[in-house]
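Please look over the structure below, and then follow the text through its charged pairs and its pockets.

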Amino acid sequence: MCAWGKQHQADDKVVMLGDGSGDFTRAIGLELDRIKEGMGIRSQRYSMLVDNGVVKALHVEQPGQFDVSSAEAMLKAL
């Protein structure tokens with residue numbers, strides 16, 4: 001996540017967080033079973049706006065889509 005953030009010049013504007021163990025993904029109920037495809041349990045694609053620990057917006061993509069979780073979509077929703 002650090003390298004990806006640097007490549008995209010996120011600097012201190014965005015907190016880049018990974019979820020390697022999947023604990024957070026399980027806690028919010030956004031697991032995606034991709035075992036048959038050889039990918040294991042993954043996280044669904046989503047964007048989330050969190051303000052002082054409170055989720056203000058959650059945009060979950062439909063499988064195979066990339067419409068509501070982009071930075072542009074999040075900015076438009078603000």
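In this predicted model, Asp11 and Lys13 form a salt bridge in which the closest N and O atoms are 3.7 Å apart, and both Asp11 and Lys13 are exposed. A search of the whole structure finds three such salt bridges.

Another of them joins the side chains of Arg26 and Asp23, with a distance of 2.7 Å from N to O; these two residues both belong to helix α2, where they stand three residues apart, about one turn of the helix. Because its relative accessibility is 43%, Arg26 counts as partly exposed, and Asp23, at 49%, counts as partly exposed too. A salt bridge also links Glu37 with Arg34, the closest N and O atoms being 3.7 Å apart. Here Glu37 is partly exposed because its relative accessibility is 47%, while Arg34 is partly exposed with a relative accessible area of 29%.

The largest pocket contains about 1,600 Å³ of space, and of the 37 residues that line it, Met1, Val15, Leu17, Tyr46 and Ser47 are the closest to its centre. Several elements each give at least two residues to this lining, including α1 (2–7), α2 (23–27) and α3 (71–77), but the largest share, five residues, comes from β3. By class, the lining of the largest pocket divides into 18 nonpolar, twelve polar and seven charged residues.

Conventions
Residues numbered from 1 in each chain as written. Predicted model: local features only at pLDDT ≥ 70, side-chain atom pairs only at ≥ 80, totals over all residues. Heavy atoms only, no water. 1 Å grid on protein atoms, 1.4 Å probe; cavity = no way out; pocket = protein on both sides within 12 Å on 5 of 7 lines; lining within 4 Å. Points joined across faces, edges and corners; volume = space filled by probe spheres on them. Helix = DSSP H or I, 4+ residues; strand = E, 2+ residues; numbered from the N terminus. Nonpolar A, V, L, I, M, F, W, Y, C, P; charged D, E, K, R; others polar. Salt bridge = Lys/Arg side-chain N within 4 Å of Asp/Glu carboxyl O. Buried < 20%, exposed > 50% of the residue type's maximum accessible area, 1.4 Å probe, protein only.
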